[in-house]
Amino acid sequence: MAKPNADEHSGRFARISIVALIALTVISLLVAFLWLPSVHADFRAAGVWDSICRAAGVPSTWGGQNDERSSPVVATNVVLLPAMAKRAPSDSIGRGATLALNCTMCHGAQGMSRSDAPNLAGQYPEVIVKQLTDYKNGKRASSIMMALSQNLSDQNMRDLAAYYASLPKARTAPTTYDETLPALVRVGDPMRNIAPCISCHGGVDQKIGAPWLEGMPKQYLTQQLTLFKQGERRNDGELQMRNVARLMTAEEIESVATFYARKGLPRRE
Ligand code: HEC
Ligand code: HEC
């Protein structure tokens, strides 16, 4: 009776092949969707389904999940708008002058500091509003300024900014291109990807939100550049300053700070 025997054989063979095929499929699925993705550096153990979606290339936002890279810690809550850089009406300047009586002790009677606090006279209005808002929200650290900004409303900040922007500019004008400027200020360092300071802080190219630096106390400039370098000051929204300062040496920080501080010292009244 050879026939049933052959049937039995082929039947068993078919079963074994099916089982083998299923096993192979399961193993390759496990390898492709779980094991391979898990050895990637950015693997997150967020469940089998997540791994499958990632391996298949489904954008993580579809599942309503956001990893830290797509929602980083916010550097600043301030959105800079061109209108913030406009000249304010005189009633705003008047209110600002009254509020500024609380600030003269450190920032000087005419916004020109006699200590190591930054000068505020002539500072661009959007810079003052942004920095005060960042202190208030804890985005820029300074025990004094964080405490003082708590009681300031948005309108108070706009008034203070209007007042300081209106003060006579005791400092020299922002630096414009000239062959004698230090290399970092004038052309930066393309090899290290350092953009020239005047491309953002210049009299011609003043990027909105980039402060007026000329005549600031040297100690203040050195301190702020060092804080950006170390990543301790992080309120520059698009890392504009951290990218510049990170690659600078202590000597370079010292020399650009000396350059900007000498450009117009506080007037001795
Ligand atoms: C007790 C001294 C003191 C008083 C009073 C004070 N400030 Fe300041 N202010 C400082 C110091 C110091 C800094 C720099 C802090 C830092 O390192 O971030 C500063 C920074 C600032 C900055 C940032 C400037 C920049 O170029 O980034 C602004 C704007 C400012 N103060 C506005 C004010 C206003 C407005 C008042 C009054 C309501 C005031 N400050 C009162 C000491 C003071
Ligand atoms: C890509 C544009 C850009 C370049 C290039 C740049 N800066 Fe800045 N810088 C900014 C902006 C924007 C801010 C304000 C950051 C913030 O919002 O707090 C700033 C802030 C600063 C501050 C802090 C001032 C204050 O009062 O708070 C210093 C000091 C400074 N820059 C120095 C420099 C120097 C020196 C160079 C050249 C070596 C330079 N920056 C190059 C954009 C730039």
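A polar contact here is a pair of N or O atoms within 3.5 Å; inside the protein, one atom must be able to donate a hydrogen and the other to accept it, and residues adjacent in sequence count only if both atoms are side-chain atoms.

## Before we start

This is a predicted model, in which local features need pLDDT of at least 70 and side-chain atom pairs count only at pLDDT 80 or more, while totals for chains, interfaces and linings use all residues. Residues are numbered from 1 along each chain as its sequence is written, chains are lettered from A and ligands numbered from 1 in the order in which they are written, and side-chain values use heavy atoms, with hydrogens and water left out.

## Around ligand 2

Let's begin with the polar contacts. A polar side-chain atom of Gln-131 sits 2.8 Å from an oxygen atom of ligand 2, and one of Asn-235 is 3.2 Å from an oxygen atom of this ligand. His-201 has a side-chain N or O atom 2.8 Å from a nitrogen atom of ligand 2. Two or more shell residues come from each of helix 5 (125–136), helix 9 (198–201), helix 10 (218–229), helix 11 (240–245) and helix 12 (250–262); helices are DSSP runs of H or I, at least four residues long, numbered from the N terminus.

There are 27 residues around ligand 2, and Lys-130, Cys-197, Cys-200, His-201 and Met-241 come nearest (a residue is near if one of its heavy atoms lies within 4 Å of the molecule). Helix 10 is the top contributor, with four residues. Ligand 2 lies between domain 1 (81–170) and domain 2 (171–269), because both give residues to its shell; the domain bounds come from an automatic or database domain assignment.

## Around ligand 1

Ligand 1 has 22 residues around it, and those that come nearest are Cys-103, Cys-106, His-107, Tyr-135 and Met-145. A polar side-chain atom of His-107 is 2.7 Å from a nitrogen atom of ligand 1. Tyr-135 places a side-chain N or O atom 2.8 Å from an oxygen atom of the ligand, and for Gln-224 the distance from a polar side-chain atom to a ligand oxygen is 3.0 Å.

Helix 5 gives the most to this shell, with four residues. Domain 1 (81–170) and domain 2 (171–269) both supply residues here too, so ligand 1 lies between them.

## The nonpolar cores

A nonpolar core is a set of buried Ala, Val, Leu, Ile, Met, Phe, Trp, Tyr and Cys residues joined through side-chain atoms within 4.5 Å. Buried means under 20% relative accessible area, exposed over 50%, and partly exposed in between, using a 1.4 Å probe on protein chains only. Of the 22 residues in the largest core, Val-185, Leu-221, Met-248, Val-256 and Tyr-260 touch the most other members. Helix 12 brings the largest share of this core, six residues.

Apart from that core lies another, of 19 residues, including Met-112, Leu-120, Ile-128 and Leu-167.

## Two residues to look up

Tyr-164 belongs to helix 7 (residues 154–166) and counts as buried because its relative accessibility is 2%. Beyond its neighbours within four places in sequence, Tyr-164 is in contact with residues including Ala-100, Cys-103, Leu-120 and Ile-128 (contact means heavy atoms within 4.5 Å).

Asp-189 is in the loop between helix 8 and helix 9. Asp-189 counts as buried too, at 18% relative accessibility. Its side chain makes a polar contact of 2.7 Å with the side chain of Arg-192.
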